[in-house]
Amino acid sequence: MKKKILLTGTSGFLGGNFLKSIIKDKVKVYDILREQNKKNKFLNNLKNKNKNYKSIYYKNNTDLKKKLHNKKFDILINFSTFYTRDHNYNDINHIINSNINFPTALLDILSSNLQIFVNFGTMMEYENSNNFLPQNLYSSSKKAFEKIAYFYQKKNSHCKFYNIKIFETFDLNDQRKKILPTIIYAFTKKKKFYLSLKNLKINAVHTNDINNFLKKIIKNKIPKGNYLIKNKKEIIIIKLLKKIKKTISKNFLFSVKNKNKEQKFLKKYHNLKTVLYNTDIEKNIFKYLHENNKNKI
């Protein structure tokens, strides 16, 4: 019998990449989306090509409960999030509704029948510490929901709960205003790139690594618990920029605004099981930029 998987956040980066990957497997995939996503071209194209993928649309919380009434799912994976590094007053409701209220409502409606629940958090909750030390309101909201989910975990002991933390994620189709896609955009559009911190380094995992880890969870190959998915190698951004300029195009322009102390990542976090991947993100970027540069010559 095919497992029924419900996804949230498929109109976003991580959720959309996982949806594209999982529909190739023999599972029934559903996503829960707001009404305004009915015209989403990416999701509709996937739906037209895959009979095992369906969407459930809702208008508000009352409609959400109505649409999910008497529906049973084996697995719920929560990609839904509203991210902003530095919020303003008008962001508060959006952050709380997306990161806390919505997933809580789903657990309240569905958790009694779930076998697996997967939630995503961020290492912004820790800021290089083993204790909760939030960098912003966004990371506080992710931690708040994790605490709420613990109530449902205690209430429904038959369901395996997973909390997955990540630093950064990457794929060449990434259109977010994150540092790596911004570098690629600046290069392809022949724009100058501005690096705000001289010694900035990041730890980024590829979406394929996340997708593979989630598929192991679905196949019950991963014990329940709290996980950090991490790349073995950090990317030092200034070195990446210099290498692009030296090996691909001397016309690539960038400048550094501020100096800062070198960042350090803890090797081990007490409350997280670390899963290491060794995907060469820089190699992926250089291959893409080389090809892009050749095509423009």
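Glutamate 168 and lysine 178 form a salt bridge, with their closest N and O atoms 3.8 Å apart. This pair links distant parts of the chain, ten residues apart: glutamate 168 is in strand β7 (residues 168–170), while lysine 178 is in the loop between β7 and α6 (179–188). A salt bridge here is a side-chain nitrogen of Lys or Arg within 4 Å of a carboxyl oxygen of Asp or Glu. Helices (H or I, at least four residues) and strands (E, at least two) are DSSP runs, numbered from the N terminus.

A word on the model before going on. It is predicted, so local features need pLDDT of at least 70 and side-chain atom pairs count only at pLDDT 80 or more, whereas totals for chains, interfaces and linings use all residues. Residues are numbered from 1 along each chain as its sequence is written, and side-chain values use heavy atoms, with hydrogens and water left out.

**Charged pairs**

Both partners of the opening pair are buried: glutamate 168 has a relative accessible area of 17%, and lysine 178 has 18%. Buried means under 20% relative accessible area, exposed over 50%, and partly exposed in between (1.4 Å probe, protein chains only).

How many salt bridges does a search of the whole structure find? It finds eight, and three of them are set out here.

| Salt bridge | Closest N and O atoms |
|---|---|
| Glutamate 168 and lysine 178 | 3.8 Å |
| Lysine 67 and aspartate 63 | 3.3 Å |
| Glutamate 146 and lysine 143 | 3.6 Å |

Lysine 67 and aspartate 63 both belong to helix α3 (residues 61–68), four residues apart, about one turn of the helix. Lysine 67 counts as partly exposed because its relative accessibility is 28%, whereas aspartate 63, at 11%, counts as buried. Glutamate 146 and lysine 143 share helix α5 (residues 137–155), three residues apart, again about one turn. Both glutamate 146 and lysine 143 are buried.

**Aromatic pairs**

Turning to the rings, a search of the whole structure finds 13 aromatic pairs. One of them joins phenylalanine 213 and tyrosine 227 edge-to-face, 5.4 Å centre to centre with 65° between the planes. Phenylalanine 213 lies in helix α7 (residues 207–218) and tyrosine 227 in strand β11 (residues 225–231), so the pair ties together parts 14 residues apart in sequence. Both residues, phenylalanine 213 and tyrosine 227, are buried. Rings of Phe, Tyr and Trp (its six-membered ring) pair if their centres lie within 6.5 Å; planes under 30 degrees apart count as stacked, over 60 as edge-to-face and the rest as tilted. Elsewhere, Phe18, Phe79 and Phe120 make up one aromatic cluster.

**Around leucine 106**

Is leucine 106 buried or exposed? Leucine 106 is buried, because its relative accessible area is 1%. This residue lies in helix α4 (residues 92–110). Leaving aside neighbours within four places in sequence, leucine 106 is in contact (heavy atoms within 4.5 Å) with Thr8, Ile32, Leu64, Leu68, Leu76 and Ser111.
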